[in-house]
Amino acid sequence: MEDGRETAAMREKERRDRQIDRWCHTIDDSPALENTDSDIGLCGWILVLFSILLTLLTLPLSIWMCIKIVKEYERAIIFRLGRILRGGAKGPGLFFILPCTDSFINVDMRTITFDIPPQEVLTKDSVTVSVDGVVYYRVQNATLAVANITNADAATRLLAQTTLRNVLGTKNLAEILSDREEIAHSMQSTLDDATDDWGIKVERVEIKDVKLPQQLQRAMAAEAEASREARAKVIAAEGEMNASRALKEASLVIAESPSALQLRYLQTLNTIAAEKNSTIIFPLPIDMMQSFMKH
């Protein structure tokens, strides 16, 4: 278990290093960020200047169309003539747009939770199980979440379902039932690597329930019951063996001292009398009985 945790920690460190390298090259390599407001062309600048002039002429009414507000947990991606403005996401707080040439998209940066629907999975040892889970993720880079994928939420949900089936398909039933934490960590690492280009950070993955077929449940219950009965019989046999050894040792002690048998006899009578029995049996030596029979 410790070796598995060390391996998982090393994989997490390597994944973070790769993620940092990708973020360092995002500004240079991402096509979404190459198209800034400096590349809109001559016609674009004419439209921008016309929009600014129109805004100035219609003051102060136009100010209500220019000022926008985003909340603390949101970021705004501004598009000017279809191109993302230099500087990336705006917010939280106030920002300005041009009414005719600019548009924006709000991106929620809070952690989002969704359930993975129950997935019918064939395990490595050919057992069909139904497994569901829950995923926690958040948008870490709003620009990538808007520019690189159509619907980051739907894509993450579908990828989580596929990843769950792929990971469980490499495990047998015993590993699925006992190593849920390792399976969840493996899923988190796989999802996080796959969603880095979408600006998504997968924070946590949990396996909720593993449902077995009814026949398999009855078979496992019968196997467990048989195993418990076998252990009970072994324990009872060991107890009888220990008791017989103790009786043997007691008989040897009594044989060495005849008075010990008389003391044991008196102790037994005391125990019987304490239970308020009306009948007490006194053992008599056979030799005494034979002497009465002769008379």
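Reply: Contact here means heavy atoms within 4.5 Å. Keep that in mind for every "touches" below. The model is predicted.

Start with V129. Leaving out residues up to four places away in sequence, V129 touches Q119, E120, V121, T123, L173, I176, V210, K211 and L212. V129 also belongs to the largest nonpolar core, which has 36 residues. V129 and V135 are the residues with the most contacts inside that core.

Which elements give two or more residues to this core? They are β2, β6, β7, α6 (142-147), α7, α8, α9 and β8. The most comes from α7, with 6 residues. There is also a second, separate core of 6 residues. V70, A76, L85 and F95 are among its members.

Now the sheet itself. Its 3 strands are ordered β6-β7-β8. The sheet is open, and the pairing is antiparallel. At the edges stand β6 (112-122) and β8 (200-211), each pairing on one side only. On average, neighbouring strands are turned by 25° against each other, direction ignored.

Look at one pair of strands. The antiparallel pairing of β6 with β7 (residues 128-139) runs over 9 bridges. Within it, F114 stands opposite V135 in β7. V135 is the core residue named above alongside V129.

Helix α9 (residues 180-194) lies across β6, β7 and β8. Against β8, α9 runs at about 145°.

Next comes a loop. G169 lies between α7 and α8 (173-178). Is G169 buried, partly exposed or exposed? Its relative accessibility is 30%, so G169 counts as partly exposed. Not counting residues up to four places away in sequence, G169 touches V121, L122, T123 and K124. V121 and T123 are also among the residues that V129 touches. G169 and V127 are 42 residues apart along the chain. Their C-alpha atoms are separated by 10.0 Å.

Now the surroundings. Another open sheet has 3 strands, in the order β3-β2-β5, with antiparallel pairing. β3 (83-84) and β5 (102-108) are its edges, each with a single partner strand, so one side of each is left without a neighbour in the sheet. β2 and β5 are joined by 7 bridges and run antiparallel. F104 in β5 is the bridge partner of I78.

Helix α4 comes last. This helix (residues 41-57) has 17 residues. From first C-alpha to last, α4 reaches 24 Å, close to the 24 Å expected at 1.5 Å a residue. Which residues of α4 are buried? They are G44, V48, S51 and T55. These four cover an arc of only 60° around the axis, which puts them on the same side of α4. The other side of α4 has exposed residues: L42, C43, L49, F50, L56 and L57. The cover over the buried residues of α4 includes α5 (63-66) and β2 (74-80). That brings the picture back to β2, which also gives two or more residues to the 36-residue core.

Definitions and conventions
Residues are numbered from 1 along each chain as its sequence is written. This is a predicted model: local features need pLDDT of at least 70, side-chain atom pairs count only at pLDDT 80 or more; totals for chains, interfaces and linings use all residues. Side-chain values use heavy atoms; hydrogens and water are left out. The expected span of a helix is 1.5 Å times one less than its number of residues. Buried means under 20% relative accessible area, exposed over 50%, partly exposed in between (1.4 Å probe, protein chains only). The arc is that of the directions from the helix axis to the C-beta atoms. Two strands pair if DSSP finds at least two bridges between them. Axes are lines fitted to C-alpha atoms, for helices over the stretch in contact, and angles run from 0 to 180 degrees between N-to-C directions. A nonpolar core is a set of buried Ala, Val, Leu, Ile, Met, Phe, Trp, Tyr and Cys residues joined through side-chain atoms within 4.5 Å.
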